[in-house]
Amino acid sequence: MASYIARKGPMVFSSLGKWAYNMSGFNQYGLHRDDCLYENEDVKEAIRRLPRTLYDERNYRIMRALHLSMTKTILPKEQWTKYEDDVKYLEPYLNEVVAEREEREDWNKNH
């Protein structure tokens, strides 16, 4: 995992994608796309595997977003997460977890 460099922003930079990203609203709270994933078993395991610094940064962003939501405020525009800077920090861990689960399911099916 150490050699992996997190992919920044979506693979396709389109004006429609950027519009949809900004309309989603989570960037106004300083959240990343991966902070908003539905936490199924695969995502929970990927979060568990995060390095401590990434885990703490994620928790800070989520706690800050909860506080902002409760006070019905948003961050100043210069602190919003930008479309181009949204780091997919959970993606390599999630891909690894999904691959392991699929391999385990194949093994159980064939043996």
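**Entry 1: Lys 72**

I started at Lys 72, which lies in the loop between α3 and α4. I took helices as DSSP runs (H or I, at least four residues) and strands likewise (E, at least two), numbered from the N terminus. The model is a predicted one, so local features need pLDDT of at least 70 and side-chain atom pairs pLDDT 80 or more, while totals for chains, interfaces and linings use all residues. Residues are numbered from 1 along each chain as its sequence is written, and side-chain values use heavy atoms, with hydrogens and water left out.

I looked up the backbone at Lys 72. Its phi is positive, about 55 degrees, although Lys 72 is not a glycine. Most residues other than glycine have a negative phi. I then asked: is Lys 72 buried or exposed? Lys 72 is exposed, at a relative accessible area of 76%. My cut-offs: buried is under 20% relative accessible area, exposed is over 50%, and partly exposed is in between (1.4 Å probe, protein chains only).

**Entry 2: the whole chain**

I stepped back to the chain. I found 4 helices and 0 strands. Along the sequence the pattern reads α-α-α-α. The chain has 111 residues, and 30% of them count as buried.

I also checked contacts (heavy atoms within 4.5 Å). Of those between residues at least 6 apart in sequence, 85% join residues at least 24 apart.

**Entry 3: α2 against α4**

Next I looked at a helix pair. How do α2 and α4 pack? Helix α2 (residues 41-48) meets helix α4 (residues 91-110) at an angle of about 125 degrees, and the axes are 8 Å apart. That angle makes α2 oblique to α4. The classes are roughly parallel under 35 degrees, roughly antiparallel over 145, roughly perpendicular from 65 to 115, and oblique for the rest. The axes are lines fitted to C-alpha atoms, for helices over the stretch in contact, and angles run from 0 to 180 degrees between N-to-C directions.

The crossing of α2 past α4 is right-handed.

I listed the residues that touch. From α2 they are Asp 42, Val 43, Glu 45 and Ala 46, and from α4 they are Tyr 93, Leu 94, Val 97, Val 98 and Arg 101. By class, this contact has 6 nonpolar residues, no polar ones and 3 charged. Nonpolar covers Ala, Val, Leu, Ile, Met, Phe, Trp, Tyr, Cys and Pro; charged covers Asp, Glu, Lys and Arg; the others, Gly among them, are polar.

**Entry 4: salt bridges**

How many salt bridges does the structure hold? I noted 12. The term needs a side-chain nitrogen of Lys or Arg within 4 Å of a carboxyl oxygen of Asp or Glu. Side chains of opposite charge can pair when their charged atoms come close.

- Arg 49 and Glu 45 meet at 2.9 Å, N to O. Arg 49 is partly exposed at 25%, and Glu 45 is partly exposed at 21%.
- Arg 52 and Asp 56 meet at 3.6 Å, N to O. They sit 4 residues apart in helix α3 (residues 52-70), so about one helical turn separates them. Arg 52 is exposed at 59%, whereas Asp 56 is partly exposed at 38%.
- Asp 106 pairs with Lys 109, the closest N and O atoms being 4.0 Å apart. Both lie in helix α4, 3 residues apart, about one turn. Asp 106 is partly exposed at 41%, and Lys 109 is exposed at 66%.

I also found a network. Salt bridges with shared partners join Glu 45, Arg 48, Arg 49, Glu 96 and Glu 100.

Gly 30 lies in the loop between α1 (15-24) and α2. Gly 30 counts as buried at 4% relative accessibility. Which residues does Gly 30 contact, neighbours within four places in sequence left aside? They are Arg 61, Arg 64, Leu 75, Gln 79 and Thr 81. I also checked Trp 80: it is 50 residues from Gly 30 in sequence, yet the C-alpha atoms are 5.1 Å apart.

Ala 65 is in helix α3. Ala 65 is buried, at 9%. With neighbours within four places in sequence set aside, Ala 65 contacts Tyr 29 and Leu 31. Tyr 29 is 36 residues from Ala 65 along the chain, and their C-alpha atoms are separated by 5.1 Å.

Terms used. Left-handed = near helix turned anticlockwise from the far one by under 90°.
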